[in-house]
Amino acid sequence: MLFDYVNVLVFMTVGVLFLVGSLLAARLASRLLHSRIHNLDKLTNYECGERPIGGTAIQFNIRFYVIALIFVIFEVEVVFLYPWAVVFKDLGFFAFVEMSIFILILLVGLAYVWCKGDLEWVKPSEISLARERSSQEHGEILHR
Amino acid sequence: MLLVIIFTIFAAITIISAGMVAFSQNIVYSAFSLLFTFFGIAGLYVLLAADFLAATQLLIYVGGILVLLLFGVMLTHKIQEVNLSNESMRLAPAAIVVLAFLGLLSIAIYRTQWPTVPVPELTPTTARIGTLFMTDYLLPFEIASLVLLTALVGAVFIARGRVKK
Amino acid sequence: MPYILCFTVNRFMSPIPLSYYLVVSTLIFFIGMLGVLTRRNVLIILMSIELMLNAANINFIVFSYYLNSLRGQIFVFFVMTVAAAEAAVGLAVIVYLFRNKNTVNDDEFSLMRW
């Protein structure tokens with residue numbers, strides 16, 4: 001069995017060599033080919049031809065983290081499903097019940113997250129909040 | 001001989017990148033060194049005939065926990081200040097404590113008679129692990145799902161929390 | 001053909017002594033411990049804790065291999081589950097602390113110190 005993993009090792013080695021080789025080749029090519037004229041437009045970040053607004057160092061939205069968190073928890077669940085799926089046919093109905101309980105417990109978590117609106121990119125509560133805020137700002141502008 | 005060379009390569013990758021994790025001044029370098037540590041450890045698992053656990057190591061640690069840690073880095077650091085926010089201190093007392101424990105454990109490893117002989121035949125482990133989960137370790141298995149549920153609800157609740165000003 | 005290859009490879013493969021693995025895991029554990037004790041960034045502390053957990057996992061698997069029992073691997077499974085839960089909750093706490101205090105330096109979180 002260990003010998004089968006030599007395939008993986010070969011793939012890994014070739015992959016690493018390819019990566020390092022292409023990086024070195026790109027480095028060499030750019031060393032040879034790049035022009036030596038610098039101006040402001042060339043040094044700015046490329047944003048599809050638009051003028052960039054602000055810096056690149058922005059704070060990420062917390063929503064990314066919540067999604068990643070939910071992903072990790074359910075990924076662990078999937079890893080538990082693998083060995084069960086391998087032996088499911090031999091163990092029969094009892095194993096099915098056991099795994100159903102396992103999944104049902106985690107479904108409670110999914111239901112919680114879903115009901116609280118964490119799976120929506122824009123939360124329902126924040127839509128109304130943003131609407132209020134924008135109407136306020138609108139009012140201030142009118143007031144001025 | 002061949003096996004020893006492969007083992008040495010994986011062990012070296014693991015230990016060097018672990019050192020990078022703990023001592024690098026740049027937190028992004030630390031996070032990416034952790035990737036190589038996890039890879040090296042997965043390689044060691046393969047050498048130890050734990051094939052399913054090697055895959056699990058890559059799935060959970062590299063695919064899950066490392067991504068979470070990177071999100072944590074991105075959420076708590078602006079890119080310019082990444083270099084500054086990672087100095088170390090208390091090095092001398094910590095080194096004394098660690099060296100003392102290290103010496104103790106080295107003596108223990110050196111002096112003990114470890115079992116050497118009956119290296120088992122290398123066979124796929126997934127089915128046997130599944131059977132153990134469904135029979136002997138049924139209760140921990142179900143409790144693991146409770147742990148995951150609690151972690152999910154708690155972490156989402158904390159991460160969502162409103163900022164007090 | 002694969003059999004011949006296997007045979008030649010097997011002749012070159014004497015098993016690695018158990019203590020080699022123990023040395024590796026001990027080193028990783030103490031690198032992690034040094035990281036926890038010396039770094040001030042909470043995220044690095046969390047990463048170092050992951051290192052220590054991984055060192056313990058290596059030990060479990062080494063002994064499950066040399067004692068020819070799968071129980072150690074089952075333990076590693078549960079350790080990984082708890083590690084995932086720990087990373088999720090710990091990072092949520094760190095992100096929340098950062099949003100309140102605007103720092104991830106562990107010296108700043110001194111509200112409960114006297």
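I number residues from 1 along each chain as its sequence is written, and chains are lettered from A and ligands numbered from 1 in the order in which they are written. Since the model is predicted, local features need pLDDT of at least 70 and side-chain atom pairs count only at pLDDT 80 or more, while totals for chains, interfaces and linings use all residues.

**Confidence**

I looked up the scores for the complex and found an ipTM of 0.86 and a pTM of 0.83. I count two residues as in contact if their C-beta atoms, placed from the backbone, lie within 7 Å.

**Chains A and C**

I listed the secondary structure next, taking helices (H or I, at least four residues) and strands (E, at least two) as DSSP runs numbered from the N terminus. Chain A has 5 helices and 0 strands; chain C has 4 helices and 0 strands. I then checked burial, calling a residue buried if 20 or more other C-beta atoms lie within 10 Å of its own, exposed if 12 or fewer, and partly exposed in between, with C-beta atoms placed from the backbone. Of the 144 residues in chain A, 13% are buried. In chain C, which has 114 residues, the buried share is 49%. I also took the contacts in chain C between residues at least 6 apart in sequence, and 46% of them join residues at least 24 apart.

**Contacts of chain C**

I went through the side facing chain B. Here 66 residues of chain C meet 70 residues of chain B. Helices α1, α2 (18–38), α3 (42–66) and α4 of chain C each give at least two residues to this side, and α4(C) gives the most, with 22 residues. By class, the side of chain C that touches chain B has 49 nonpolar, 13 polar and 4 charged residues. For these classes, Ala, Val, Leu, Ile, Met, Phe, Trp, Tyr, Cys and Pro count as nonpolar, Asp, Glu, Lys and Arg as charged, and the others, Gly among them, as polar.

The contact between chains C and A takes 7 residues from each of the two chains. On the chain C side, α1 (2–12) and α4 (71–101) each supply at least two residues. The largest share, 5 residues, comes from α4(C). By class, this side has 6 nonpolar, 1 polar and no charged residues.

**Core**

The largest has 101 residues, and A:Leu69, B:Leu69 and C:Ala88 have the most contacts inside it. Its largest share, 16 residues, comes from α3(C). Domain 1 (1–80) and domain 2 (123–165) of chain B both contribute residues, so the core lies between them. These bounds come from an automatic or database domain assignment. I read 22 Å between the C-alpha centres of the two domains of chain B.

Leaving out residues up to four places away in sequence, A:Leu69 touches B:Leu68, B:Ala155, B:Val156, B:Ala159, C:Ala88 and C:Ala92.

**Helix α4 of chain B**

Helix α4(B), residues 91–111, has 21 residues and spans 30 Å from its first C-alpha to its last, close to the 30 Å expected at 1.5 Å a residue. The expected span is 1.5 Å times one less than the number of residues.

**Positive phi**

Most residues other than glycine have a negative phi. I noted two residues with positive values. B:Ala49 has a phi near 65° and sits in the loop between α2 (27–47) and α3 (51–76) of chain B. B:Ala49 is buried, with 22 other C-beta atoms within 10 Å. C:Asn68 has a phi of about 55° and sits in the loop between α3 and α4 of chain C. C:Asn68 counts as partly exposed, with 13 C-beta neighbours inside 10 Å.

Conventions:
Core = buried A, V, L, I, M, F, W, Y, C linked by C-beta atoms within 7 Å.
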